[in-house]
Amino acid sequence: MKLKNFALLAGAAGLLAACGGSSIVEPADLNDQRVFFAFNSSEISKEAKDNLLGQALYMKNHEDVKVQIAGNCDERGTTEYNLALGARRANAAKEVLVNDGIDAKRISTVSYGKERPLVKGTGEEVWKWNRNATTTVK
């Protein structure tokens, strides 16, 4: 199950960071890399920035790779509001990559708003997973 694997990877990364290791880790693959957001926010957290800097490292080491970052929201709010918030999330993630030296032409963004939830259901335990920006290789 993807969500269980993600939780295991997130826990391992947290353990490494707590042990004094670098919190910026190049992923083995960029597909389905996700950073998460607080409710009603497009602010990049420290954890999200570290994840994105790892993605930037991957892109520096694989100069032919182009990605798309999709902004997503939980089910609350109107379709229009969530499309705008998803766009802000995708662009905030892109900005971290560009500020770290990745050519903006290699990164496209899209917003799916609340239309493509990662986890179906209701309540904060579900919503927290759906507030994300997801990177995929194009």
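This is a predicted model: local features need pLDDT of at least 70, side-chain atom pairs count only at pLDDT 80 or more; totals for chains, interfaces and linings use all residues.
Q: How many helices and strands does the secondary structure of the chain come to?
A: From the N terminus on, the elements run α-β-α-β-α-β-α-β. The secondary structure comes to 4 helices and 4 strands.

Q: What percentage of the residues in the chain is buried?
A: A residue counts as buried under 20% relative accessible area. The chain has 138 residues, and the buried share is 36%.

Q: Among contacts between residues at least 6 apart in sequence, what percentage joins residues at least 24 apart?
A: Contact here means heavy atoms within 4.5 Å. Among contacts between residues at least 6 apart in sequence, the share that joins residues at least 24 apart is 77%.

Q: How many residues of strand S2 are buried?
A: Strand S2 takes in residues 67-72. On one side Val-67, Ile-69 and Gly-71 are buried, and on the other Gln-68, Ala-70 and Asn-72 are buried too. Both faces are thus covered, and the number of buried residues in S2 is 6 of 6.

Q: Which residue of S3 is the bridge partner of Ile-69?
A: S2 pairs with strand S3, residues 107-113, in the parallel sense over 6 bridges. Within this pairing, the partner of Ile-69 in S3 is Thr-109.

Q: Which residue of S4 is the bridge partner of Val-67?
A: S2 is also joined to strand S4, residues 132-137, by 5 bridges, and these two strands run antiparallel. In S4, the partner of Val-67 is Val-137.

Q: How many residues apart are the two members of the aromatic pair, Phe-36 and Trp-129?
A: The count of aromatic pairs comes to 1. Phe-36 and Trp-129 form this edge-to-face pair, 5.4 Å centre to centre and with 85 degrees between the planes. Phe-36 belongs to strand S1 (residues 33-36) and Trp-129 to helix H4 (residues 124-130), so the pair links distant parts of the chain.

Q: Over the ring of which residue does the charged end of Arg-88 sit?
A: Two such placements can be described. Arg-116 lies over the face of Tyr-112, at 3.8 Å from the ring centre. The charged end of Arg-88 is 6.0 Å from the centre of the ring it sits over, and that ring belongs to Tyr-81.

Q: Is Asn-82 buried or exposed?
A: Asn-82 lies in helix H3. Among the residues it touches, beyond four places in sequence, are Cys-73, Asp-74, Ser-111 and Lys-114. The relative accessible area of Asn-82 is 2%, and because the cut-off is 20%, Asn-82 is buried.

Q: What is the C-alpha to C-alpha distance between Arg-106 and Met-59?
A: Arg-106 is found in the loop between H3 and S3 and counts as buried at 14% relative accessibility. Beyond four places in sequence, its contacts include Met-59, His-62 and Val-67. Arg-106 and Met-59 are 47 residues apart in sequence, and their C-alpha distance is 9.2 Å.

Q: Why does Asn-51 count as partly exposed?
A: Asn-51 has its place in helix H2 and touches Gln-33, Arg-34 and Val-35, not counting residues up to four places away in sequence. The C-alpha atoms of Asn-51 and Gln-33 are separated by 8.2 Å. Buried means under 20% and exposed over 50%, so Asn-51 counts as partly exposed because its relative accessibility is 21%.

How values were computed
Residues are numbered from 1 along each chain as its sequence is written. Side-chain values use heavy atoms; hydrogens and water are left out. Buried means under 20% relative accessible area, exposed over 50%, partly exposed in between (1.4 Å probe, protein chains only). Two strands pair if DSSP finds at least two bridges between them. Rings of Phe, Tyr and Trp (its six-membered ring) pair if their centres lie within 6.5 Å; planes under 30 degrees apart count as stacked, over 60 as edge-to-face and the rest as tilted. A charge sits over a ring if NZ of Lys or CZ of Arg is within 6 Å of the ring centre and within 35 degrees of the ring normal.
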